[in-house]
Amino acid sequence: MGKVRVIAVANQKGGVGKTTTAINLSACLAEAGKKVLIIDADPQGNTTSGLGLEKNQIDKTVYEVMLEESKIEDIIQKTCVEKLYVAPSNINLSGAEIELIGREKREHILSNAIKKIKNKYDFIIIDCPPSLNLITINSLTAANTVLVPIQCEYFALEGLEQLLHTIGLVKKILNPSLEIEGVVFTMYDARTNLSMEVVEEVKKDLGENVYKTIIPRNVRLGEAPSHGLPIILYDGRSKGAESYRLLAEEVIQKEWS
Ligand SMILES: Nc1ncnc2c1ncn2[C@@H]1O[C@H](COP(=O)(O)OP(=O)(O)OP(=O)(O)O)[C@@H](O)[C@H]1O
Ligand SMILES: [Mg+2]
């Protein structure tokens with residue numbers, strides 16, 4: 001097994017496709033033979049339920065890991081995809097930030113928690129919440145790279161500057177080796193000029209950091225989580241499945257020193 005890559009999927013803007021990307025990129029990486037851990041770092045627990053787990057019936061979650069009451073290896077569960085494992089979350093995690101007030105090195109808790117298990121995986125994908133809170137900071141501190149999903153709509157670029165500023169701060173103070181993995185466009189609608197304009201504008205700004213694969217708006221992608229399945233198991237031949245397979249290939253190709 002090569003060196004693990006820890007990728008945080010982050011954008012403080014809500015509903016841009018973070019969880020859809022985290023679940024389906026992870027599933028496609030596993031399908032390609034990689035061993036993958038997905039960490040649900042969002043109290044909404046959408047990654048957890050999207051992989052078919054009953055989030056409200058789980059005893060130990062990322063919350064216990066953040067409070068250093070459980071080791072991460074004791075909360076990790078198998079999923080419906082071979083080689084894909086999940087560290088689940090639920091609403092409990094929303095209490096962590098307050099409980100950690102004043103704790104020393106509280107930005108490094110997740111990073112420390114995964115240290116010992118890192119080398120059991122090829123990829124660790126972290127699904128971040130839609131805010132720049134302590135959990136997101138922990139995720140960025142634990143990560144090698146940040147993958148930023150951007151929804152192809154009018155306000156897409158709003159908040160991007162703040163996200164890049166936060167990434168810069170984390171790099172400077174907490175995690176000097178943090179890099180931008182890339183931007184991935186989601187919910188692209190080829191019928192609208194707007195989608196195309198958003199893509200062009202971001203490419204102008206971020207150039208080489210933009211993934212070639214663009215995720216289309218696809219009804220099947222929207223339906224899959226309510227069946228507790230990633231797209232490759234829900235409808236493996238859909239456009240959504242095809243595009244996340246291509247994204248996974250691109251991610252695998254990208255080498256990091
Ligand atoms: N490519 C797509 N085609 C169709 N629907 C999509 C696509 N990507 C995401 N969706 C749907 O859009 C909604 C928001 O997506 P998702 O939950 O992945 O975003 P998010 O950024 O994780 O949201 P949050 O900020 O709340 O965590 C969901 O209902 C999801 O099923
Ligand atoms: Mg989400």
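A nitrogen atom of ligand 1 lies 2.9 Å from a polar backbone atom of N218. The model is predicted.

**Exercise 1.** Work out which residues are closest to ligand 1, and find the contacts that G15 and K18 make with the ligand.

*Solution.* 
- Step 1: Look around the ligand. It is surrounded by 18 residues. The closest are K18, T19, T20, P216 and N218.
- Step 2: Take G15. One of its backbone N or O atoms is 2.9 Å from an oxygen atom of ligand 1.
- Step 3: Take K18. Here an N or O atom of the side chain sits 2.8 Å from an oxygen atom of the ligand.

**Exercise 2.** Classify the packing of α1 against α11, then sort the contact residues by class.

*Solution.* 
- Step 1: Locate the helices. α1 covers residues 18-31 and α11 covers residues 239-253.
- Step 2: Read the geometry. The angle is about 70°, and the axes are 8 Å apart.
- Step 3: Apply the cut-off. Angles of 65 to 115 degrees count as roughly perpendicular, so α1 and α11 are roughly perpendicular to each other.
- Step 4: List the contact. T20, T21, N24, L25, C28, L29 and E31 of α1 meet A241, Y244, R245, L247, A248, V251 and I252 of α11.
- Step 5: Sort them. The contact has 9 nonpolar, 3 polar and 2 charged residues.

**Exercise 3.** Describe how α6 packs against α7.

*Solution.* 
- Step 1: α6 (residues 134-142) and α7 (residues 160-173) pack at about 60°, with axes 10 Å apart.
- Step 2: The two helices are therefore oblique to each other. The crossing is right-handed.
- Step 3: I137, L140 and T141 of α6 touch T166, I167 and V170 of α7.
- Step 4: By class, that gives 4 nonpolar, 2 polar and no charged residues.

How values were computed: Residues numbered from 1 in each chain as written. Chains lettered and ligands numbered in written order. Predicted model: local features only at pLDDT ≥ 70, side-chain atom pairs only at ≥ 80, totals over all residues. Heavy atoms only, no water. Axes fitted to C-alpha atoms, helices over the stretch in contact; angles between N-to-C directions. Helix = DSSP H or I, 4+ residues; strand = E, 2+ residues; numbered from the N terminus. Parallel < 35°, antiparallel > 145°, perpendicular 65-115°, else oblique. Left-handed = near helix turned anticlockwise from the far one by under 90°. Contact = heavy atoms within 4.5 Å. Nonpolar A, V, L, I, M, F, W, Y, C, P; charged D, E, K, R; others polar. Near = heavy atom within 4 Å. Polar contact = N/O pair within 3.5 Å; in protein donor to acceptor, adjacent residues only side chain to side chain.
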